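Please open the model in your viewer and keep the selection panel at hand.

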Amino acid sequence: MNGKVVTITSGKGGVGKTTTTANLGIALASLGQKVVCIDSDIGLRNLDVVLGLENRIVYDLVDAIEGRCRLPQAMIRDKRFETLFLIPAAQTRDKTAVSPSDMVKLCDSLREEMDWIIIDSPAGIERGFRNALAPADEVIVITNPEVSAVRDADRIIGLVEAEEKGPAKLIINRINLSMVKRGDMISAEDVVELLAIPIIGIVPEDEAVLVSTNHGHPVVLNEKSRAGRSFMNIAARLNGEDVPWLELDEKNGFFNRLGKIISGGS
Amino acid sequence: MASLFGKLTEKKHASANRAKERLHLVLIHDRTDLSPEALRSLKDRLIEVISDYVQIDANQTEIQIETDGREQTLIANIPLKSPRVR
């Protein structure tokens with residue numbers, strides 16, 4: 001097997017990296033893929049609670065890297081999908097406990113067993129981000145339709161390009177269409193135009209995301225949720241399927257126009 | 001008609017447009033590491049150097065950064081003065 005390493009990053013904190021990692025992991029596993037999600041935010045462990053696996057942790061990423069356990073011992077199997085695993089972050093260490101070459105080595109051994117290795121990057125552009133970027137075959141940048149998140153995303157996209165890991169793919173998270181319509185939120189089209197990288201998903205703002213996170217049950221498991229369906233579509237696109245864009249706003253064909261921009265752009 | 005006009009002006013003043021304009025400028029400067037101040041000084045020095053070789057219209061000279069995707073290009077528009085008849 002020759003698994004693909006996908007790093008989920010954003011620059012700014014709080015835009016939805018962990019939520020996206022958890023949902024893409026679940027979605028890909030539900031498509032029958034073997035997936036491991038790695039929480040690389042050492043010292044600020046979070047992916048375990050979002051996935052609802054916090055009570056199963058024995059060993060963590062740093063234990064595996066420093067040889068206190070074998071790699072499979074640090075891989076927690078999901079309760080819902082037996083092809084989904086989590087490698088949790090260490091909680092009592094910091095980013096310097098791991099180096100970019102440690103991450104490359106770790107991912108190289110995981111590639112043999114897995115279809116997908118999804119790395120949840122910490123916020124920022126420092127060591128933790130470098131660790132998450134080093135093994136990546138593909139980089140997904142998450143942003144929100146908001147000035148500071150878009151600016152930080154642009155910075156990260158530049159760094160990914162400089163490391164010759166580009167072009168990154170874009171997910172715009174928490175779009176509120178009624179705010180876009182009344183002109184008080186930058187549209188997905190505008191964000192794509194500003195950042196000028198290919199887009200792989202648009203996720204609407206949806207209360208169901210918080211509710212499902214409260215339960216440790218990622219929203220992609222909820223078929224009624226629009227955000228959940230968006231995450232499922234992103235996973236299918238990653239998996240090479242040609243998924244049509246959700247018509248979130250049928251009246252003026254917003255997503256049709258967006259589709260044209262994407263296919264016409266670079 | 002009045003309501004349409006109202007809608008148009010409302011759109012123009014809506015905060016999303018402002019956000020987009022501000023982001024457009026800030027991203028250019030982030031990507032090029034060139035502040036508006038530095039750009040002005042570049043323009044002044046450019047005018048100085050070019051004036052050593054050819055007469056130009058300094059007031060009409062424009063210099064700006066254009067964006068195409070993620071590429072930035074420095075565009076200078078420097079009108080030449082027609083040579084004086086001696």
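Two residues are in contact if their C-beta atoms, placed from the backbone, lie within 7 Å. This is a predicted model, in which local features need pLDDT of at least 70 and side-chain atom pairs count only at pLDDT 80 or more, while totals for chains, interfaces and linings use all residues. Residues are numbered from 1 along each chain as its sequence is written, and chains are lettered from A and ligands numbered from 1 in the order in which they are written.

Select chain B, where residues 24 or more positions apart account for 39% of the contacts with a separation of 6 or more. Chain B has three helices and two strands, in the order α-α-α-β-β along the sequence; helices (H or I, at least four residues) and strands (E, at least two) are DSSP runs, numbered from the N terminus.

Next, show the interface, in which 16 residues of chain B are in contact with 15 residues of chain A. Helix α2 (residues 15-32) of chain B gives the most to that side of chain B, with 12 residues.

Then select B:D33, in the loop between α2 and α3 (36-51) of chain B, which has a positive phi of about 60° although it is not a glycine. B:D33 counts as exposed (12 or fewer other C-beta atoms within 10 Å of its own, all placed from the backbone), because it has 7 such neighbours.

Finally, move to the loop between α6 (147-162) and β7 (169-175) of chain A, where A:P167 lies; a cis peptide bond, with omega about -5°, joins A:G166 and A:P167.

Terms used:
A residue is buried if 20 or more other C-beta atoms lie within 10 Å of its own, exposed if 12 or fewer, and partly exposed in between; C-beta atoms are placed from the backbone.
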